[in-house]
Amino acid sequence: MKILVVGGAGYIGSHMVKQLANAGNEIITLDNLSYGYRDAVKYGEFIEGDLGDTTVLTSIFKSRDIDAVMHFAGFIQVGESVLKPAIYYHNNVVNTLNLLDTMMRHDITNFIFSSTAAIFGEPDYTPIDEKHTKQPINPYGHSKLMIEQILDDYDKAYGLRASCLRYFNAAGADPDGELGERHIPETHLIPLVLQAASGRRQDIKVFGDDYPTDDGTCVRDYIHINDLCEAHSQALQRMIENDQSARYNLGNGKGFSVKQVIDVAKEVSGKEIRVTMEPRRAGDPAVLVADASLARKELNWQPKFADLTEIVKTAWDWEVNFLSKQ
Ligand code: UFG
């Protein structure tokens, strides 16, 4: 297939491009490099441009016979979305709408969308399945849910088929060592803990130990980046075969507390990690764990990195062999 990957220079997008290219697809990456890296796009064609730019999109769709579009170019920082909602609604909603409308004008009807566990808000129960109520508690979650709703309506009215994949905590790096997580600023737990282990950061700050969990720290469901990408490929294939839109929650179904993650990082790195306790971070639910049985059943999806130690190992290799050398 010929696939346009929007945001293919970012963390998840770049791993996706590699996996799709290795599976024999022809890939075109569109990325404005606001957060992505040109050198993270190691396969296929690269076009520097913005998904809000109709001229660039039109020229791509006119000159190439695109079969499907995957969209990874969303802004992702929950805290920032509370302080600057306008940029989240502009980029994540308005620009995505522009992409969808341009696709519709060129009769491109297959779409894979990066959604998030943040659409559920504070969970009523865990593990969280697809039926769980959707009540986001921040503009980031709202912006992703708005697109999911728009996709429902476009499906009915225009025949746009879309699979929305709700990620829990994407983590780890390409086991070949070619790609990994490179956010600036980095806000995610695992890369920050590993920076503390490698000495690039003094300590890891734990945001709250008074949650109603076994050790008082927040519990999350960490899923390896390659397993996440695998689910996208399978979702695209199934969506095209069945001519049907879908929604999937993606996680391992197993929760780990912040303290447990730090312990695993100590074990994997063999380093001491200094821990500083901090107050709770605004907007953090105590427990987020996915019920991914629908993806397992319908997509025959089987995560290969079901073990947190294996996930952290790949991230540690990236920290030591790439990030520490920058
Ligand atoms: N944490 C710390 N210290 C840090 C960083 C994080 O204690 O320095 C804690 C957080 O408070 C949280 C856990 O580690 O309890 C995981 O935090 P991350 O920032 O790594 O991930 P989140 O669960 O906050 O966010 C992830 C995605 C978001 C998505 C969200 C869905 O990164 O894009 O899941 O709820 F919106």
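## Packing around α6, and some local details

Trainee: What do the buried residues of α6 pack against?
Mentor: They pack against β7, β8 (204-207), β10 (222-224), α8 and α10. Keep in mind that this is a predicted model.

Trainee: How many residues of α6 are buried?
Mentor: Nine of its 10 residues, so the helix is mostly covered. The buried ones are Leu189, Ile190, Pro191, Leu192, Val193, Leu194, Gln195, Ala196 and Ala197.

Trainee: And what comes just after α6?
Mentor: Gly199. Its phi is positive, about 90°.

Trainee: Let's look at the helix pairs. At what angle do α6 and α8 pack?
Mentor: At about 45°, and their axes are 10 Å apart. That makes α6 oblique to α8.

Trainee: Why quote both an angle and a distance?
Mentor: Because two packed helices are described by the angle between their axes and the distance between the axes.

Trainee: Is the crossing of α6 and α8 left-handed or right-handed?
Mentor: Right-handed.

Trainee: Which residues meet there?
Mentor: From α6, Leu189, Ile190, Val193, Leu194 and Ala197. They meet Val258, Val261, Ile262, Ala265 and Ser269 of α8. By type, the contact of α6 with α8 has nine nonpolar residues, one polar and no charged.

Trainee: Now α8 and α10. What are the angle and the distance between the axes?
Mentor: Helix α8 (residues 258-269) packs on helix α10 (residues 308-321) at an angle of about 60°. The axes lie 9 Å apart. So α8 is oblique to α10. The crossing of α8 and α10 is right-handed.

Trainee: Who makes that contact?
Mentor: On the α8 side, Val261, Val264, Ala265, Glu267, Val268 and Ser269. On the α10 side, Leu308, Thr309, Val312, Lys313 and Trp316. The contact of α8 with α10 divides into seven nonpolar, two polar and two charged residues.

Trainee: Is Cys164 buried or exposed?
Mentor: Buried, because its relative accessibility is 0%. Cys229 is at 0% as well, so it also counts as buried.

Trainee: Next, prolines. Is the peptide bond from Thr126 to Pro127 cis or trans?
Mentor: Cis, with omega near -10°. Pro127 sits in the loop between β5 (110-116) and α5 (139-158). The bond from Ile184 to Pro185 is cis too, with omega near -5°.

Trainee: Where does Pro185 lie?
Mentor: In the loop between β7 (169-171) and α6 (189-198).

Trainee: Phi of Leu33: positive or negative?
Mentor: Positive, near 60°, in a residue other than glycine. Leu33 is in the loop between β2 (26-31) and β3 (45-48). With 25% relative accessibility, Leu33 counts as partly exposed.

Trainee: What about phi of Asn300?
Mentor: It is near 55°, a positive value, and again the residue is not glycine. The loop between α9 (293-298) and α10 holds Asn300.

Trainee: Is Asn300 buried or exposed?
Mentor: Exposed, because its relative accessibility is 54%. The cut-off for exposed is over 50%.

Trainee: Last one. Where is Glu80?
Mentor: In helix α3 (residues 78-83).

Trainee: Is Glu80 buried or exposed?
Mentor: Buried, with a relative accessible area of 17%. Buried means under 20%, so 17% qualifies.

Trainee: What is Glu80 in contact with, leaving aside its neighbours within four places in sequence?
Mentor: Tyr35, Ile87 and Tyr88.

Trainee: And how far apart are Glu80 and Asn138?
Mentor: In sequence, 58 residues. In space, 9.7 Å, C-alpha to C-alpha.

Terms used
Residues are numbered from 1 along each chain as its sequence is written. This is a predicted model: local features need pLDDT of at least 70, side-chain atom pairs count only at pLDDT 80 or more; totals for chains, interfaces and linings use all residues. Side-chain values use heavy atoms; hydrogens and water are left out. Axes are lines fitted to C-alpha atoms, for helices over the stretch in contact, and angles run from 0 to 180 degrees between N-to-C directions. Helices (H or I, at least four residues) and strands (E, at least two) are DSSP runs, numbered from the N terminus. Angles under 35 degrees count as roughly parallel, over 145 as roughly antiparallel, 65 to 115 as roughly perpendicular and the rest as oblique. A crossing is left-handed if the near helix is turned anticlockwise from the far one by less than a right angle, and right-handed if clockwise. Contact means heavy atoms within 4.5 Å. Ala, Val, Leu, Ile, Met, Phe, Trp, Tyr, Cys and Pro count as nonpolar, Asp, Glu, Lys and Arg as charged, and the others, Gly among them, as polar. Buried means under 20% relative accessible area, exposed over 50%, partly exposed in between (1.4 Å probe, protein chains only).
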